[in-house]
Structures are given as C-alpha cells and as structure tokens.
Amino acid sequence: MTYCVPAVLFLFLAGSIQSALADPCQDRFTALYLQLEQATPTKTQVTTAFKGEPPTTDEFFHAPQDHYMIVPSAPGRPWVLGYDNAVYQSADQGATWEKISEVDPRQNADKARADKEANAATIRNATCSEEELDGEAVEVVAADITLSQGMVTENRFTYFIRRSDDFIVKAIYDTRTPSSEKTPSLELVTTHVIEKAPGLSLPVPE
C-alpha cells in the first residue's frame, strides 16, 4: 500500500524542517557583515598586528556620502582623503591635497555589494554571546568566513554590538593566508575600536 502525504501537510513539514535548520546566530552575523557602513559619522582606531611584528595604529574618520579621511601613525606616510567620488593624498598633514584617482560611485558600490554577497556564502561556525565592554553590555557575534578578493584568505570576524543602541563599537578581523612552496602563511589581526562622531567635519579639497 502506498501512502501519499497530503500537499498541505508536506508544506507544513517542509517549513518546520527549514525552521529547524535555520541558524539565527549565523543570520545575525550575515546581516552585520553585509552592512556596508554604520548610519552615523564615526571615528575608528585601527590597530594592525602582523604575527611577529609590532602593531601599528591609524585613525579612520568616516562621514555620510562616503566622505572619509585616514590619518596614519607612521611618520612619512601620506594622509588619505575620500571626497566627491575622488581620492586625495596629503604630504603635509592635511594642509594641501593632491587628487590621485577618481571612482565611479555606482560601480564601486555595486562591486562592494557583489563581493560581500559572494563572501557571505562561505560564512560558517557562527557563535553568539554577551559580555561587558567598558562597563556596557555588548552582543558578541563571530564566525569564520573566506574572502576571495585579490587573495584567498581564511578569517574569523568578531563584532561587538552595544545593546543600548545596536552600534558596533569594536570589530576584530583575524586573517590567515594559505602557505605555498614559495611563501609561508601570513597571520594578521586587525582591531577596530569605533565611536560615534556627531558633528564630524572633514576637509574639503579645493
């Protein structure tokens, strides 16, 4: 005797299985990763640490409409400014600016979104927890992810989201490159400490 599952019951069972397989923590990480920027001006301390080398810390300022400035800590390195679909450099700490390239905002945004969506398909091993950071409750969301732009790297990204306003106050990017016969594996940890910067005013090149 053959038993046929009614269509309505089949759809119900399929929905139940899909719900059971869904991973809310991975969904949370994916949403955070796909977010291109936070909806407020920010100031970020970016500390870069290659394995076996002393860390360096630069400052990154970001305003709406993709207006940003990078202030390096190492002497002799130029400041970088992004404004009105162009990139500028300054060798005199922002006194004067020289245009070095132009960008297509639509193409740039479309590529960034496409790259992120491709990378998001590799997200795995997500974990979610809570802890206290600087006296405030934060949600900690982490996962492994493979990035394939330029060089394939294996990464562990960790986001710290302040509970009171859902603002990412810290992010840690642990990156490893594969080794080969010619080059050893490279290990790099980049830590972003982020704060809101209301009223941020950045230079406008003449």
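**The second largest pocket**

Modeller: Three strands, S8 (136-147), S10 (167-176) and S11 (187-196), each put at least two residues into the lining of the second largest pocket. Strands here are DSSP runs of E, at least two residues long, numbered from the N terminus. Bear in mind that this is a predicted model, where local features need pLDDT of at least 70, while totals for linings use all residues. Residues are numbered from 1 along each chain as its sequence is written.

The pocket's volume is about 160 Å³, counted as the space filled by probe spheres set on the grid points. A pocket is an open set of points on a 1 Å grid over the protein atoms alone where a 1.4 Å probe fits, with protein on both sides within 12 Å along at least five of seven lines; lining residues have an atom within 4 Å of a point. Leu 133, Asp 134, Glu 136, Val 138, Arg 162, Val 169, Lys 170, Val 193 and Ile 194 make up the lining. That comes to five nonpolar, no polar and four charged residues, with Val, Leu and Ile among the nonpolar types and Asp, Glu, Lys and Arg as charged.

Now the strands. S9 (residues 153-162) runs antiparallel to S10 over nine bridges, pairing being called when DSSP finds at least two. Arg 162, one of the lining residues, has Phe 167 in S10 as its bridge partner. Four residues sit between S9 and S10 in their hairpin, and there Asp 166 takes a positive phi near 60 degrees. S10 also pairs with S11, again antiparallel, over seven bridges, and Tyr 173 stands opposite Thr 190 of S11.

Technical notes:
This is a predicted model: local features need pLDDT of at least 70, side-chain atom pairs count only at pLDDT 80 or more; totals for chains, interfaces and linings use all residues. Side-chain values use heavy atoms; hydrogens and water are left out.
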